[in-house]
Amino acid sequence: MNAPALMSAPLMHLPPVVDPSATSGVFSLLWLVVALPALGAVVLLLAGKRADAWAHLLGCATVAISFLISLILFFSLLGRGHGDRQVTQHLWTWFSAGHYTVNLDLLYDPLSALFLLLITGVGGIIHVYSIGYMEHDERRRRFFGYLNLFVAAMLVLVLASDYVGLFLGWEGVGLASYLLIGFWQHKPSAAAAAKKAFVINRVGDMGLFLGSALIFVTFGSTSFAAVSASSHQASSGTLTVIGLLLLLGACGKSAQFPLQTWLLDAMEGPTPVSALIHAATMVTAGVYLIVRSNFIFSLSENARTAVIVIGCITLLMGAVIGCAKDDIKKALAGSTMSQIGYMVLAAGLGPAGYAFAIFHLLTHGFFKANMFLGAGSVMHGMDDDVNMRHYGALRKAMPVTFATFAIGYLAILGVPPFAGFWSKDKIIEAAFGQNFVVGLCTLVGAGVTAFYMTRLMLMTFETSKRWEKGMHPHESPKVMTNPLKSLATLSALGGLFLVNGWITTWLTPVVGERVEHSLAVGSIGMSLIALVVVGIGVAVAWQLVGSRPVPRVAPENVSVFTRAARADLYGDAVNDEVVIKPGVAGIRGLGVFDGSVVDGIVQGLAASLTAISVKLRLVQNGFVRSYALAVLAGALIVIFAMLAVNFS
Amino acid sequence: MSVAPFIVLSAILFTIGCVGVLTRRNAIVVFMCVELMLNASNLALVTFARANGNLDGQIAAFFVMVVAAAEVVVGLAIIMNIFRTRRSASVDDASLLKY
């Protein structure tokens with residue numbers, strides 16, 4: 001009786017299958033996009049001092065040419081039919097064992113096309129900016145080599161057509177991130193921060209590694225094409241475990257709770273690095289991983305719930321941390337955590353949110369890179385001081401930096417018509433469509449974002465001068481302000497991706513049809529509510545920071561919440577208590593066990609042998625007669641033994 | 001011809017030599033006792049050679065004599081040197097090589 005009812009129930013939407021066609025024509029250039037920055041890295045790192053004069057030019061040129069090729073490829077893909085937008089370029093077979101083969105193929109589809117533009121575009125702008133920012137650093141050539149290495153690895157990550165290939169890029173960006181955070185390795189804090197980032201990333205990488213292994217065990221292959229074609233046949237339990245392992249990988253790379261602590265310390269690196277790696281591209285790799293693995297997450301409700309929870313926690317944590325930081329870069333880093341929380345949350349919403357996660361990723365890449373470079377420009381003018389309590393009234397001294405920073409500020413706040421308005425609003429809307437609590441989290445997050453960004457703006461560009469003695473803030477050179485202008489333009493216009501729902505349609509071949517949820521208040525009503533919340537955040541910030549003098553030293557008698565936020569919400573303390581101390585205690589215990597039990601047995605054996613030897617040694621007394629007696633006794637024993645054998 | 005008296009004599013000589021080696025301290029006497037034991041065994045070899053009617057035992061006895069002669073040369077030289085350095089021929093005094 002129930003059969004017809006079951007039949008008529010709507011079939012679950014199957015995620016789209018990755019089914020690319022071989023490259024032809026202009027798409028054969030795909031490999032060059034990766035090869036150029038890789039070649040640049042090799043040349044810059046091997047050429048030595050003789051390349052110092054032109055290293056920065058080569059570094060910029062490789063990425064710029066990659067960007068041009070990416071543009072050509074993008075428009076070629078745009079010209080293709082809707083169902084024909086996945087191409088793959090077979091480079092070579094990486095390795096094969098039995099029935100398992102890993103090809104080093106490049107997969108170019110709407111998703112990787114957007115990432116290519118972001119990485120090479122924003123990456124290129126940041127390369128140009130670095131020419132000015134790193135001008136007085138005698139190791140600038142090496143810096144550009146590492147940057148090119150990063151760009152190449154990131155491109156491998158987004159172009160891989162296989163989880164193993166993705167892992168290659170994943171590790172590559174991890175390495176580049178380590179090298180660049182610790183670029184000023186003569187500072188112990190930078191060296192420690194690099195190590196911390198590397199170690200915590202390793203935890204996440206283990207998740208991705210185990211997830212890929214489980215994918216191989218389950219599907220017999222790790223290529224996106226094969227897995228997406230058969231993912232609906234796997235049991236939901238397996239899919240959930242795979243999803244959670246991939247989420248762990250995403251948490252490590254994207255600084256999501258509980259692996260978030262490294263990102264704040266990573267600000268020890270040069271500012272262009274913070275902009276490129278720790279704001280615009282690498283830290284969003286986790287979001288990419290989740291969206292790319294939509295054929296896993298779309299089928300596992302539980303895994304998606306975990307993703308949403310992680311996103312919610314991180315978006316609020318990051319925002320709260322951002323509120324209390326006086327270090328301009330750390331405030332921005334908290335903001336980055338929070339914004340990536342938004343993206344992860346959106347990705348966790350499933351087909352309703354994948355496209356918006358990527359959309360917010362792109363706009364965030366623009367405005368956050370813009371603001372980080374702006375912060376770098378401020379630091380450049382303030383002798384590398386990062387403490388906002390020593391800034392103030394910089395608007396007049398740095399008009400261009402202020403203007404571009406303000407555009408980024410309006411964009412992250414979500415003020416129309418800047419980019420962030422379109423992308424964040426869509427996420428809030430989708431979150432409310434999913435669940436009221438999740439929606440509320442995103443709304444509160446938007447309000448807190450408005451608070452800390454306004455605080456940052458006021459403390460830096462407005463309020464009274466609190467400069468150190470002898471400080472003469474000045475505008476940065478053109479090679480730094482022009483990148484700021486271009487990123488500000490992108491931050492202002494990024495919303496154009498949404499015209500006519502373009503980005504959702506564009507990504508449909510990768511992530512499937514978007515599921516719409518209509519809200520009671522409607523789309524415009526939701527936007528108005530969000531704007532009101534943002535307005536409240538701005539007003540509170542004005543009340544607390546703008547309307548009274550800012551102390552030059554951070555006040556000590558602050559609430560417990562402020563103290564918690566200043567201590568990164570005790571992320572390091574928790575790690576200390578939960579992981580490091582038990583680990584140290586365990587190792588101490590092992591040390592004691594080794595010292596007492598293992599060494600006890602070995603040394604006890606040796607000691608007893610020594611004691612016996614000491615006694616036995618006395619037999620060797622030097623008297624020939626006693627030796628002779630021993631020989632006689634031996635001979636007699638032999639004789640009697642022979643007699644006994646012969647006559648018995 | 002009965003073998004027994006010769007073997008008994010050989011055993012008595014060997015025992016004397018043996019006891020001498022174990023009890024005497026003078027290196028020369030110990031040395032002579034060693035010679036006594038060698039010759040006791042020579043006597044036994046020759047006796048058995050006669051009893052068996054072949055020459056194997058006598059050849060062995062010659063070997064023993066040759067080796068004994070060589071041994072005397074080396075042994076006396078060592079004793080001489082010990083006496084020169086330590087002004088004593090007591091084997092108990094030459095007990096430095098020990099634990």
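Colleague: What is chain A divided into?

Modeller: This is a predicted model, and in it chain A splits into domain 1 (3-566) and domain 2 (594-647). Their centres, taken over C-alpha atoms, are separated by 76 Å.

Colleague: What makes residues of chain A and chain B count as in contact?

Modeller: The C-beta atoms, placed from the backbone, have to lie within 7 Å. With that cut-off, 11 residues of chain A touch 10 residues of chain B. Helix α25 (residues 624-647) of chain A gives the most to chain A's side, with five residues.

Colleague: How do the residues on that side of chain A divide into nonpolar, polar and charged?

Modeller: You get six nonpolar, three polar and two charged.

Colleague: Why are strand β2 and strand β3 of chain A said to pair?

Modeller: Pairing asks for at least two bridges. Strand β2 (residues 87-97) and strand β3 (residues 100-108) of chain A have nine bridges, in the antiparallel sense, so they pair. To see one of the bridges, look at A:F95, whose partner in β3(A) is A:V102.

Colleague: And what lies between β2(A) and β3(A) in the hairpin?

Modeller: Two residues sit between them, and in the turn A:G98 has a positive phi of about 60°.

Colleague: How do you know how confident the predictor is about chain B?

Modeller: Check pLDDT, which runs from 0 to 100. Chain B has a mean of 91, and 100% of its residues reach 70 or more. For the complex, the predictor gives an ipTM of 0.88 and a pTM of 0.79.

Technical notes: Residues numbered from 1 in each chain as written. Chains lettered and ligands numbered in written order. Predicted model: local features only at pLDDT ≥ 70, side-chain atom pairs only at ≥ 80, totals over all residues. Domains from an automatic or database assignment. Contact = placed C-beta atoms within 7 Å. Helix = DSSP H or I, 4+ residues; strand = E, 2+ residues; numbered from the N terminus. Nonpolar A, V, L, I, M, F, W, Y, C, P; charged D, E, K, R; others polar.
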